[in-house]
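Please look over the model shown below, chain by chain, before reading on.

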Amino acid sequence: MTATATAKPTREITFREAICEAMAEEMRRDEAVILIGEDVGKSGGIFKCSEGLWAEFGSNRVIDAPIAEEGYVGLSVGAAMTGMRPIAELMFGDFALLTMDQLVNQAAKIRYMTGGQCKVSLTVRLSMGAGRSSAAQHSQSLHALFAHIPGLKVAIPSCPRDAKGLLKSAIRDDNPVLFFEDKLMYNDLGEVPEQEYLIPLGQADIKRPGSDVTLVATSSMVGLSLEAAEVLAAEGIEAEVVDVRCLYPLDADTIVASAKKTGYAIVIDEGAARYGITGELASVIQERAFDWLDGPVLRIAAADVPIPFSPVLELPTIPDVARVVDAVRSLRG
Amino acid sequence: MAGNPVIALRRWLSVSPHPRIFSRPMAKSSPRPKKSKPARSAPATRSKSAPRGDGARTRRTRLPDADTVWSMYRKMVEIRSFEEHVWDVYTRGLMPGLAHLYIGEEAVAVGACTALRTDDYITSTHRGHGHCLAKGARLEGMMAEIMGKEAGYCRGKGGSMHIADMSVGNLGANGIVGGSFGIATGAALSAKLRKTDQVAVCFFGDGAANQGILMEAANMAVIWNLPVIYLCENNQYGEHTPFEAVTGVKEIVDRAKGFGMDGERVDGADVLAVLEVIRRAVDKARKGGGPTFVEAVTYRFKGHHVGDAAGYRTKEELAWWMDNKDPIQLLARDMLKAGVATDEQLLAVQEQVEVEVIAAVEFAREAPYPAPEQAFEDVYS
């Protein structure tokens, strides 16, 4: 976003740099913060999100783990229970499936099962998203699995500014937070405040105001929705783009208020359609805004297939601008 | 024993007469299995005189100081009595859920936790009551939790399989077999990074020894030289299946070598031997010497859970272990032999403990249930 009248100084950095800055600032601020993951150390990570951290903080705090996701996420849970604030990085979100016992049976439930005796101050950063011809085991968007689990929080930023502010909040949070980063956004540039700032978990953000239709989007689908909004604006349709930012805690109020205002809502998410985020958010909207709606809440999500390899096969399985534009046109028919 | 105050108390409280500390008398004359070699390399085969995996090992004769010995004896009796009463409470329908009893395995938890400081960590298992008590949990809080009461350690949210007491370093029992390898190893990583000299002990069973995360966690403990002890309680059965039917090594400790870790095998009925082995491992870990893998050979005298009649094992096998490897009897015999205790003193401890456990049962029965709305608390910090 461009600098507003308050003119807080900003600068343009990439999504990747925003992630790295957030971790560096929190590691400087609190010795309990450590980073653990595959190749996160000297090499700076496969997506270069931890570049420079190893040199600044050393191998005790920026820890190269063996390729043993369940193991090092499990260690992170134990460390989080005993005074540390680990950030565990899962290179590809698909690998989170190896860690399900640690995250779902352990991290999410330990505080509850023990009657509130401990905190699990753990952040798990993981990538998501198709579009790189990485095929079915390196392209999934699995955030819905974790949003389903009581005890976990899920953040899913769409731009550098939000990524930095939300990640800092996630690291300071005393609960396990899953932090989803779309691989295709790592090089995206965006304005980020010069000064330190936090964005609380659980606040949606209106990325573009509009009066005719609400586009509720997550992660890279926010950028896609903004593009669609430009196309629609040329046709005289003003779309409001609501960035969900956190799946849990969910800011249902902002989403519902927008749907009430415009009378139309479309939910756009890159997870698979069935039993997914779009269904859940559509449900929230229709339960609370039914009498204000002038049409059904539509859903745009990934096709219900594993992500294929060849670009000509892959691209049709994930949402694109044309689908969003067409959906809006069909609603306002 | 008509004038026994415990019996009278039991009658007054209408507690079932079933629980008793010693399930059967120890056959003092039964021969210990003859081993031509140390157990480390002895074949673990079935025979009438020595069932498989008996864990026999040269027993220490030199006792630690009297306070330590008495404290260990008392704690083992406390666990035995507690578990007998859990059985009783369960079969009378006074507790919901499941109960996995530790009877027969008391020496492992007590020997290991005697080697630990209060600020050292343990992680426990579904068969965890003994670990919790040995690490310092109170009887009332334990029994109240098992009955689902507000006064329980987890305020009724965890139950028998999830008792934790962070104030004494007990990071909690785990309902997932092998679920705590990561947690214990992570606690050790935390201790190392925070530069304390705390140590973590991860209790797990022969069943969990076949879970993949053991290999991942143990590998990290070795490469980062973490102060953690993996204490395998090989009680011969993973639920209903004999461990040798599902385990590729005859002695689980042999896996330690593959991890690049020191390993020791110990008679899990011998609290003195367990104490010695764990003390050594703890000392090493505190001094930065890294992790140790210990296999304690033990046996559960009851089924997998209350209600499991354990038809998958023979009466003869069970009788051999109860006659020859009752950890309480073994320690009592050593104490008598060394002149540290008399029969009367040993019996007096049993009676004191029994009174305390009965009081805990009554406390828990009287204690209120949590308010239903508490189901919605503690999900997040």
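What follows is a set of questions and answers on selected local features.

The model is predicted, so local features need pLDDT of at least 70 and side-chain atom pairs count only at pLDDT 80 or more, while totals for chains, interfaces and linings use all residues. Residues are numbered from 1 along each chain as its sequence is written, chains are lettered from A in the order in which they are written, and side-chain values use heavy atoms, with hydrogens and water left out.

Student: Which residues does a cis peptide bond join in chain A, and in which loop does A:Pro249 lie?
Tutor: The bond between A:Tyr248 and A:Pro249 is cis, with omega about -5°. Helices (H or I, at least four residues) and strands (E, at least two) are DSSP runs, numbered from the N terminus. On that basis A:Pro249 lies in the loop between β12 (246-248) and α9 (252-262).

Student: Is A:Tyr275, with its positive phi, buried or exposed?
Tutor: A:Tyr275 has phi near 50°, a positive value in a residue other than glycine, and is placed in the loop between β13 (265-272) and α10 (277-289) of chain A. Buried means under 20% relative accessible area, exposed over 50%, and partly exposed in between (1.4 Å probe, protein chains only). Because its relative accessibility is 83%, A:Tyr275 counts as exposed.

Student: And is B:Gln236 buried or exposed?
Tutor: Phi of B:Gln236 is also positive, near 85°, and this residue is found in the loop between β3 (228-234) and β4 (237-238) of chain B. Since its relative accessibility is 0%, B:Gln236 counts as buried.

Student: Which residues of α10(A) does α9(A) meet?
Tutor: Contact means heavy atoms within 4.5 Å. From α9(A), the residues taking part are A:Ala252, A:Asp253, A:Ile255, A:Val256, A:Ala259 and A:Lys260, and in α10(A) they meet A:Leu281, A:Val284, A:Ile285, A:Arg288 and A:Ala289.

Student: How many residues of the contact of α9(A) with α10(A) are nonpolar, polar and charged?
Tutor: Ala, Val, Leu, Ile, Met, Phe, Trp, Tyr, Cys and Pro count as nonpolar, Asp, Glu, Lys and Arg as charged, and the others, Gly among them, as polar. By these classes the contact of α9(A) with α10(A) has 8 nonpolar, no polar and 3 charged residues.
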